[in-house]
Amino acid sequence: MEYIHPIRIDSESRIPKYHQIVNSIVGDIEKGILTVGQRIPSINEISEEYYLSRDTVEKAYNYLKEKQIIVSAKGKGYYVARTVLPSRINILCLLNKLSSYKLQIYNSFVSSLGTNAHVDLTIFHADPNIFLTALREGTGRYDYFVVMPHFKDEHLAHESTTADVLEALRKIPEDRLLLLDNYLPELKRDVASVYQDFKTDIYDALREGQSRLKQYDKLILVYPRKTVYPYPLEILQGFQKFCSDAGFDFEILEELYNDMELQPKDAYITIEENDLVRLIKQVRDKKFVLGKDIGVISYNDTPLKDLLGITVISTDFQVMGETAAYMILKKKRETVKNVFRFIDRGSV
């Protein structure tokens, strides 16, 4: 029986044409469309059908012959010589920044995939243009795209997406896209997603720790508005809603200074590591007791915060990576809100 399934050639792709021929034939063998002993089109047939040079097709066939995937019979043509084991999944992982939290997710993701996948990592620094370039260059080269959609606008404010980003993401087949850490309802597509709900997460976590917070007169959130890697505004909104609903006096600061006017019975919630370090140093210098005179909660957990006994509100980065890997390996397209917790270590 002769092979009549079309060879898949994308004239706009940067992948060499001979490699596209190889990928198409090998893919059909993996899927069972082509079976051992089945005849495939001749070099001339493919050359004429797809307007390719004979040298291009011959290069693809020579590669397949070297790998003993096909054989040629003089005067008869080319035939499938053997089955091909499914290749590893090729994944492009696009992270907005390289931080300890992102690395925890990435390492957990790669570890959970094991030998079933090859993952390339690209950091796009929250820049939509860098992201779009990386996505465009990866088209046709990867089976999956894992995207962490956090961007910054010209004013260094956080935004989850842009019109151009949405357009690019909609071009990726739904079963080949996974959104990580952030949810994009405006995408309006049935894609896999493991996300944080930033507004609800901080609200619920502070509710969980409310019994510890009630000893303080004022809650202070240190929320950097203009940074190289901006934070979701929903964090600020969730904090304000909690304070309003729970009846707490509160203040929003953009940063902590080295000579803060620390007042007993104030509790601070810090996001950036530098602000946490400044705060702890001043608490110690002024002989305040952490968790009694001054309360401290840090956003996002790390092993060092655990060691130092810092109370945190945080998602579980390891679980996020594990869940993303599971969904890819099991070909699931679910929307999963990642766990977010208040972890009391005595600093409030």
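Is Glu208 buried, partly exposed or exposed? Glu208 is partly exposed, with a relative accessible area of 48%. Here, buried means under 20% relative accessible area, exposed means over 50%, and partly exposed lies in between (1.4 Å probe, protein chains only). Glu208 lies in helix H7, residues 198-208. Helices (H or I, at least four residues) and strands (E, at least two) are DSSP runs, numbered from the N terminus. The C-alpha atoms of Glu208 and Ile343 are separated by 9.3 Å, while the two residues are 135 apart along the chain.

The model is predicted: local features need pLDDT of at least 70, side-chain atom pairs count only at pLDDT 80 or more, and totals for chains, interfaces and linings use all residues. Residues are numbered from 1 along each chain as its sequence is written, and side-chain values use heavy atoms, with hydrogens and water left out.

A second pair brings together strand S17 and a tyrosine. Phe342 is found in strand S17. Its relative accessibility is 10%, so Phe342 counts as buried. Phe342 and Tyr203 are 10 Å apart in space, C-alpha to C-alpha, and 139 residues apart in sequence.

Salt bridges were searched for next. A salt bridge is a side-chain nitrogen of Lys or Arg within 4 Å of a carboxyl oxygen of Asp or Glu. The whole structure holds 17 of them. In one, the side chains of Arg333 and Asp190 meet at 3.6 Å, N to O. Arg333 lies in the loop between helix H12 (317-329) and strand S16 (335-337), and Asp190 in the loop between strand S9 (177-181) and strand S10 (192-195), so the pair ties together parts that are 143 residues apart in sequence. Arg333 is partly exposed, at 39% relative accessible area. Asp190 is partly exposed too, at 42%. Both residues belong to a network of salt bridges that links Glu174, Arg189, Asp190 and Arg333.

Another salt bridge joins the side chains of Asp201 and Lys337, at 2.6 Å, N to O. Asp201 has 2% relative accessibility, so it counts as buried. Lys337 is partly exposed, with a relative accessible area of 38%.

The side chains of Arg341 and Asp316 also meet in a salt bridge, at 3.7 Å, N to O. Arg341 is in strand S17 (residues 340-343), and Asp316 is in the loop between strand S15 (311-315) and H12, 25 residues apart. Arg341 counts as partly exposed, at 36% relative accessibility.

Rolling a probe the size of a water molecule over the atoms shows where empty space is left. On a 1 Å grid over the protein atoms alone, a cavity is a set of points where a 1.4 Å probe fits but cannot get out, and lining residues have an atom within 4 Å of a point. Grid points are joined across faces, edges and corners, and a volume is the space filled by probe spheres set on the points. The structure holds one cavity of 30 Å³ or more. The largest cavity has a volume of about 190 Å³. It is lined by 17 residues, and Lys102, Asp181, Phe198, Tyr231 and Asn300 lie nearest its centre. Helix H4 (residues 100-113) gives the most to this lining, with three residues. By class, the lining has 10 nonpolar, four polar and three charged residues. Ala, Val, Leu, Ile, Met, Phe, Trp, Tyr, Cys and Pro count as nonpolar, Asp, Glu, Lys and Arg as charged, and the others, Gly among them, as polar.

Leu121 is found in strand S5, residues 117-123. Leu121 is partly exposed, with a relative accessible area of 32%.

Backbone angles were the last topic. Most residues other than glycine have a negative phi. Leu156 has a positive phi of about 65°, although it is not a glycine. Leu156 is placed in the loop between strand S7 (151-152) and strand S8 (158-159).

Notes: 1 Å grid on protein atoms, 1.4 Å probe; cavity = no way out; pocket = protein on both sides within 12 Å on 5 of 7 lines; lining within 4 Å.
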